[in-house]
Amino acid sequence: MKSLAPALLGIAVIAGLSIPIPTQAQAAGEEGLRFAADNYQLQTIEANGERIRVRAYEGIRYVANPVDASRQVMNIYIPAAYFEGGEVAGKTAERAPIFLPNQIGGYMPAAPGTANAPARGPGAGRVSTIAQALMRGYVVASPGARGRSEENGKAPAAIVDLKAAVRWLRYNDARMPGDAERIISNGTSAGGALSALLGASGNHPDYEAALQQLGAAPAGDDVFAVSAYCPITNLEHADAAYEWLFNGVNDYKKISIQMLDYNVQRQETAGTLDAAQIGLSDALKPLFPPYLNSLGLKDAGGQPLQLADDGRGSFAEHIARLVTQSAQTALDAGQDLSGTDWLDIADGKVAQVDLAAYARGIGRMKTPPAFDAVDLSSGENQLFGGDGQDSRHFTDFSMRHSTAEGGQRAPAEQVRLMNPLNYIGDAAARNAQHWRIRHGSHDRDTAVAVPAILAARLAQQGHAVDFALPWGQGHGGDYDLDALFDWMDKISTAEN
Ligand code: DHB
């Protein structure tokens, strides 16, 4: 339970050594960031017919100078046994990893999660992820974070908040049960994207000034592992990726911006692309191969993943293999796939999927450009607001094609701070070593190319990546918690 102290605060240079010294104000702020072991409520959590007594530390402020006191708080749940020398599911106070599920959806502001499932809404009746993690002996810390609908929640606010929460946990490592060297981040969709970004950008100086300003605790913000469900990430390249996959599929089923959040019950409106939208799709699709090729990706066997100008090539075959594997896994598990007319199955074998048929089969959800809307109407436009603008463009393409009067472009730096690909393999960042990425085979919120690029890039940097497309799964997360916790147990007890 060591704590890394990165360069912080003031620096004193004594006999050639640089020693960080906290200023007075910072030292005073730090007092308030200490874990107060006695400040809890005892709760009995029930899940799957089991019960566990936990100490609930709710609404814990994780920065000294909050700008949004309702969001910059965290709920922490610790099995009571860990204060009594006991074990839960083979874990101890010393060694229990800290599970860090964020609740962010749609890049909206998020409250911290609670151990009890919501009584109303789409999650009602489901056993909460937090409750199940506690049963498995994890210490759980769920941070709230600022989001796009508020002026102070524009990018990169949410990632800065998650980092501050991690710093709080690392700062308090010795004072609290749970091992802050074993923080495992989890999130879905926008929350999955932020989970990935958290894992990629550990300790990177790009975020330091913003963290200092909030009075984040003096500790590192790198995490041990990342779980990301359907990450809506790599936003500035996701429009081209979407049209690379869906160009030619002109019917769509769109949801409104209020329903982006995967936590919200969705209602789809069917439509067909008009001539202008088809023109945008045709113009975006050819932007994808040059971008993909610029990454220099390779598959697990060291073969280059590339695309020709027409969008075909080894990367397309790689994606087709992933979808094929997804179907084969379902078939092997006894699922009946005969209703899926774009699959070719003979003798218990799924033939390599045709990507165009796959795209038609799962269907288009978003109209082009899928993320940087030309009329500034997307959630992501609002994410990249700032300088008095609620929404801005974040790609050259949509800036050029903007139909919004006085539409502006977000600074490149703001966009850069939200993309984990910018930090994977960057020597100034400490990347998480272990990654579990899931994207449902039927998810159309972003093109499967997006998580596949993330997974390939991580693997190429030598990180352990478990990436799969659960068959038949749409946009969502936390649907395979037993498998997630098995993976977490495995990586956190391995000898490395
Ligand atoms: C989410 C979904 C989207 O389609 C999107 O563009 C951004 C976020 C979400 O569910 O969090």
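**Ground rules.** I number residues from 1 along each chain as its sequence is written. The model is predicted, so I ask for pLDDT of at least 70 for local features and 80 or more for side-chain atom pairs, while totals for chains, interfaces and linings use all residues, and side-chain values use heavy atoms, without hydrogens and water.

**Entry: helix α3.** I took helices as DSSP runs of H or I, at least four residues, and strands as runs of E, at least two, numbered from the N terminus. Helix α3 covers residues 157–171. I checked its span (expected: 1.5 Å times one less than the number of residues). Its 15 residues should span 21 Å, and the end C-alpha atoms are 21 Å apart, which agrees. I also looked at burial (buried is under 20% relative accessible area, exposed over 50%, partly exposed in between, with a 1.4 Å probe and protein chains only). In α3, 15 of 15 residues are buried.

**Entry: salt bridges.** I counted a side-chain nitrogen of Lys or Arg within 4 Å of a carboxyl oxygen of Asp or Glu. The structure holds 25 salt bridges.

I started with Lys163 and Asp221, whose closest N and O atoms are 3.0 Å apart. Lys163 sits in α3, Asp221 in the loop between α5 and β9, 58 residues apart. Both are buried.

Next came Asp222 and Arg430, also a salt bridge, at 3.0 Å from N to O. Asp222 lies in the loop between α5 and β9 and Arg430 in the loop between α13 and β14, so the pair ties together parts 208 residues apart in sequence. Asp222 is buried at 3%. Arg430 is partly exposed at 43%.

Then I looked up Arg364 and Glu243, at 2.7 Å between the closest N and O atoms. Arg364 is in the loop between α10 and α11, Glu243 in helix α6; the pair ties together parts 121 residues apart in sequence. Arg364 is buried at 1% relative accessibility, and Glu243 at 0%.

I also noted a network of salt bridges linking Lys91, Arg136, Asp486 and Asp489.

**Entry: second largest pocket.** I used a 1 Å grid over the protein atoms alone; a pocket is an open set of points with protein on both sides within 12 Å along at least five of seven lines, and lining residues have an atom within 4 Å of a point. Its lining has 19 residues, with Trp244, Arg312, Asp354, Leu355 and Ala356 nearest the centre. Helices α6, α9 and α10 each give two or more residues to this lining. α10 gives the most, four.

Key: On a 1 Å grid over the protein atoms alone, a cavity is a set of points where a 1.4 Å probe fits but cannot get out, and a pocket is an open set with protein on both sides within 12 Å along at least five of seven lines; lining residues have an atom within 4 Å of a point.
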